[in-house]
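Have the viewer open and follow along.

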Amino acid sequence: MDVTKGNITIAGAGLAGALLATLLARQGWSVQVFEKRPDPRLRAYEGGRSINLALAERGLHALRQAGLQDTVMAQAVMMRGRMVHGADGSTQLLRYGKDDSEVIWSVHRGRLNVSLLDAAEAAGARIRFGTRLESVDFDARRLLLVNDHDRRAEEVDFEVLIGADGAGSSLRAALKHEMELGERFEPLGHGYKELEIPPGADGGFQLEPNALHIWPRGGYMCIALPNTEQTFTVTLFLPSEGEPSFATLPDLAAARALYRRDFADALALIPDFDADWTNNPTGSLGTLYLDQWRLDGRAVLIGDAAHAMVPFHGQGMNCAFEDCVSLARHIGEADDWGAAFAAFEAERRPNAQAIQEMALENYIEMRDQVDDADFLRQRQLERILADRHPGRFVPRYSMVSFLRVPYATAQARGKIQRQILVECCAGLSSVDQVDLAAADALVRERLTLLEQD
Ligand SMILES: Cc1cc2nc3c(=O)[nH]c(=O)nc-3n(C[C@H](O)[C@H](O)[C@H](O)COP(=O)(O)OP(=O)(O)OC[C@H]3O[C@@H](n4cnc5c(N)ncnc54)[C@H](O)[C@@H]3O)c2cc1C
């Protein structure tokens, strides 16, 4: 499309909104963004809490398109694999990839958002903070905006509207008045609570810094991701009901007792446990499925607004960033807005659903299987087959995290590979007993070479 054809309005200047604004402004579009929260760059640094995210190749690729790779990577901590903490205090590193060329990165959510806002404005996008999208008149192409601070309301016209306003999207709510979105929200039935491991007495990391730490405990788990300030953000994932659950932790003493029993080595590193537990909210988790992401050429949803997912593959942001690259490309290539939004949705919706499903599966793997003998044997064989069949047998985690093959492809090939691993390991007590010639034959028979960009 010709950039003189219109102005683009984006609701939400979070991770996806700010990146999309950057990509579109760099294409020459006139971009206006409305963000309900105040400008994070004007607030004094809020010491203490540091929330981080795992950044992988899909997200990195998108940041490269926006010229942000160096800025973001300067603030990132490498994570080579999962450091599994057994109930007996033992630790074992399970690498994500074959070597340090296949790793993921822990990045600070707040700082990443600030870098994206700076880039969007530098590219020419206009961002108005403290301005919440309240409702939309799609026929008149007019928005109602509200400033939650002084309660001022105003109406502004739009030409096309993009909803990057997160899981609780107001644009999605407005679209529901116009059309049947087929919205389904499936709560996970598990919540989360964030805590912090500060630097040690010597100012250094108290755990191995280059890993994503996991304390798997069957139906629940704790994880910890490193921050550049030598701290770790710890997240407890626990059922909302049942035993143990957030419902059965009525007070601090009960929470401490759970930690003493199940995560004693982590508890010893969290001096402010009481304050963290009391002050940090318990978050809820779930998956949002929609059958429609757009209203003809007038409006479209991206990121969590379209497909919020549980965080266990560390892909929500990565997927949202991939959405931004895809939508910007389709807007650049299509003849009109309707065609651009339709092509975007056709490309991304099946892939979003695939990663949503894989993220749910990964919760079970992380909390329940990473210390299971069968699972570990299959992982060993997976590595062996990946080495014997490069480009053909590619572990699913690698396809999702280190490559940009469509999520749906990773999911479909992952199922075939899992079946091969299960068949080849059945009844064996060691990976040395696997009949590799038979395994090779299965790989060649069932898997084609993986096509990549
Ligand atoms: C515990 C947890 C851990 C996670 N870990 C990872 C991880 O390791 N890796 C990963 O890739 N992903 C992770 N995610 C997922 C990731 O946080 C989201 O997928 C990502 O933030 C989605 O970006 P977004 O821009 O779509 O939404 P958001 O980041 O939520 O941004 C939405 C923006 O819209 C604004 N907004 C909302 N309503 C309005 C309105 N009415 N008007 C104007 N503005 C509005 C909000 O203030 C916000 O700035 C995790 C999520 C959780 C909950």
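## Contacts to the ligand

Start at Gly316, where a backbone N or O atom sits 3.3 Å from an oxygen atom of the ligand. That makes a polar contact, meaning a pair of N or O atoms within 3.5 Å. With the protein around it, the ligand has 87% of its area buried, out of the 1,000 Å² it exposes when taken alone (accessible areas come from the Shrake-Rupley method with a 1.4 Å probe).

A word on the model: it is predicted, so to speak of local features takes pLDDT of at least 70 and side-chain atom pairs need pLDDT 80 or more, while totals for chains, interfaces and linings use all residues. Residues are numbered from 1 along each chain as its sequence is written, and side-chain values use heavy atoms, with hydrogens and water left out.

## The shell

There are 28 residues around the ligand, and Glu35, Ala54, Arg109, Ser170 and Asp304 come nearest (a residue is near if one of its heavy atoms lies within 4 Å). By class, the shell splits into 11 nonpolar, 10 polar and 7 charged residues; Ala, Val, Leu, Ile, Met, Phe, Trp, Tyr, Cys and Pro count as nonpolar, Asp, Glu, Lys and Arg as charged, and the others, Gly among them, as polar.

Which elements supply at least two shell residues each? They are α1 (15-27), β3 (52-55), β9 (132-137) and α10 (316-333), with α10 giving the largest share, 3 residues. Helices (H or I, at least four residues) and strands (E, at least two) are DSSP runs, numbered from the N terminus.

Most residues other than glycine have a negative phi, and most peptide bonds are trans. Arg141, in the loop between β9 and β10 (142-146), is not a glycine, yet its phi is positive at about 50°.

Glu243 and Pro244 are joined by a cis peptide bond, with omega about -5°. Look for Pro244 in the loop between β16 (232-239) and α6 (252-262).

How values were computed. Polar contact = N/O pair within 3.5 Å; in protein donor to acceptor, adjacent residues only side chain to side chain.
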